[in-house]
Amino acid sequence: MRILHTSDWHLGRSFHRESLLDAQAAFVDHLVETVRAERVDVVLVAGDVYDRALPPVDAVALCNEALRRLRETGARTILISGNHDSARRLGFGAALIEASGVHLRTDPAQAWEPVVIDDVAFYGIPYLEPELVRRPWELTERSHTAALTYAMERVRADAARHRHAVVLAHAFVTGGAASDSERDISVGGIAHVPLTAFAGVDYVALGHLHGRQRMSETVRYSGSPLAYSFSEAGQVKGSWLVTLGSGAEFVPAPVPRPVGRVTGRLDDLLTSPRYEPVEDHWLQVVLTDPVRPRAAMERLRARFPHTLALSFEPEGERTVPAPARLSGRPEAEVALDFVREVCGEPATREEEELLRRAIEESRVKETMA
């Protein structure tokens, strides 16, 4: 059996206010082409189908299109809800949709009720919020480990009736490498679950962490199909193509626009040829000039039009003056001191005039209020 393991689509997500919907649509095209070319039998989506509980309508439309096109290939699709999804909304109509070959698993109580395809039992364990399952499952502690251990015990008991067993789960397995784009799922400081919790099945398709990772030969994260933070620069995105009993290979996804990080002085960034390879990247730029350059973002975008994030970390140590006395000082003087401290140089005559005018106008409005 050929299985394509994907996760963390996060449909509807933006990247520093840049819409990713076209890039996500391109990933859907790639996914459908891969399923056809590789004769995939089952597509797995291990949670975080959407980026938020109430997704935008265009994201819902794209999900609908993706599931329809995948079904037209003849493949079956199994999805679970992640911590970004609304389990109730994603699971709406699941019993009706099941007949079409698209299987939604969003109810924790169904985690050990498999989708059976050619004597392979697929168990969908949605994201388990410990507090929500602790009482109905009579758990002795409120933790992700307790919740997943209980679910997997029930899965293993049922899997004994089948030749092969595959699990989908959305969790943070101990030893996994996180990125900046995942939402924290810690509860009482205990967010991780041990790898041993997933023992006893043929393959575990994990979701939640956005970088592809092999926790063991049979337990893997596919990662997100696109980079959703600058911490993911350099990661290869895609899906795991799994042949039960024969291992897995990674299928890279298209890169609509790479992400990158650059650090240096503004003049060097604007003139050095070594930055030519990243001119079309979405960039996070850290400036190290000793004095904050004026109009830095505008000047950077003349060469790097897709600069999205800018920060200032001057080289060497900066001497931070003791806080100036504020009480009794004119507001304009305090404001001008702030400008001098932040910019590393005094305000220009035009800036000083603008500050004084703003302070005067605020006084007038206060008086009239």
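What follows is my list of look-ups, entry by entry.

**Ground rules.** I am working on a predicted model, where local features need pLDDT of at least 70, side-chain atom pairs count only at pLDDT 80 or more, and totals for chains, interfaces and linings use all residues. Residues are numbered from 1 along each chain as its sequence is written, and side-chain values use heavy atoms, with hydrogens and water left out.

**Entry 1, the cores.** I began with nonpolar cores, meaning sets of buried Ala, Val, Leu, Ile, Met, Phe, Trp, Tyr and Cys residues joined through side-chain atoms within 4.5 Å. Buried is under 20% relative accessible area, exposed is over 50%, and partly exposed is in between (1.4 Å probe, protein chains only). The largest core has 35 residues, and Ile125, Val167, Phe198 and Leu206 touch the most other members. At least two residues each come from several elements, among them strand S8 (120-125), helix H6 (144-159) and strand S9 (164-170). H6 gives the most, with seven residues. Helices (H or I, at least four residues) and strands (E, at least two) are DSSP runs, numbered from the N terminus.

I then looked up the neighbours of Val167, with contact taken as heavy atoms within 4.5 Å. Leaving aside residues up to four places away in sequence, Val167 touches Tyr123, Ile125, Met152, Val155, Val201, Tyr203, Val204 and Ala205. I also noted a second, separate core of 29 residues, which includes Val40, Leu62, Leu67 and Leu70.

Is Arg220 buried or exposed? Arg220 counts as buried, at 3% relative accessibility. I found Arg220 in strand S14. Its side chain reaches the backbone oxygen of Glu217 at 3.3 Å, a polar contact (a pair of N or O atoms within 3.5 Å; within protein, one must be able to donate a hydrogen and the other to accept it, and residues adjacent in sequence count only if both atoms are side-chain atoms). Arg220 also lies over the face of Trp240, at 4.5 Å from the ring centre. For that label, NZ of Lys or CZ of Arg must be within 6 Å of the ring centre and within 35 degrees of the ring normal.

I checked the length of H1 (residues 21-37): its 17 residues should span 24 Å at 1.5 Å a residue, and the end C-alpha atoms are 24 Å apart, which agrees. The expected span is 1.5 Å times one less than the number of residues. Buried residues of H1 include Leu21, Phe27, Leu31 and Val35. The buried residues of H1 pack against several elements, including strand S4 (42-46) and helix H2 (57-72). Just after H1, Arg39 takes a positive phi of about 55°.

How many aromatic pairs does the structure hold? I have seven on record, where rings of Phe, Tyr and Trp (its six-membered ring) pair if their centres lie within 6.5 Å, and planes under 30 degrees apart count as stacked, over 60 as edge-to-face and the rest as tilted. Phe15 and Phe230 have ring centres 5.0 Å apart and planes at 55°, so this pair is tilted. Phe15 is in strand S2 (residues 14-15) and Phe230 in the loop between S14 and S15, 215 residues apart. Phe15 is buried at 1% relative accessibility, and Phe230 is buried at 4%. Ring pairs link Phe15, Phe230 and Trp282 into a cluster. Arg257 lies over the face of Trp282, at 5.8 Å from the ring centre.
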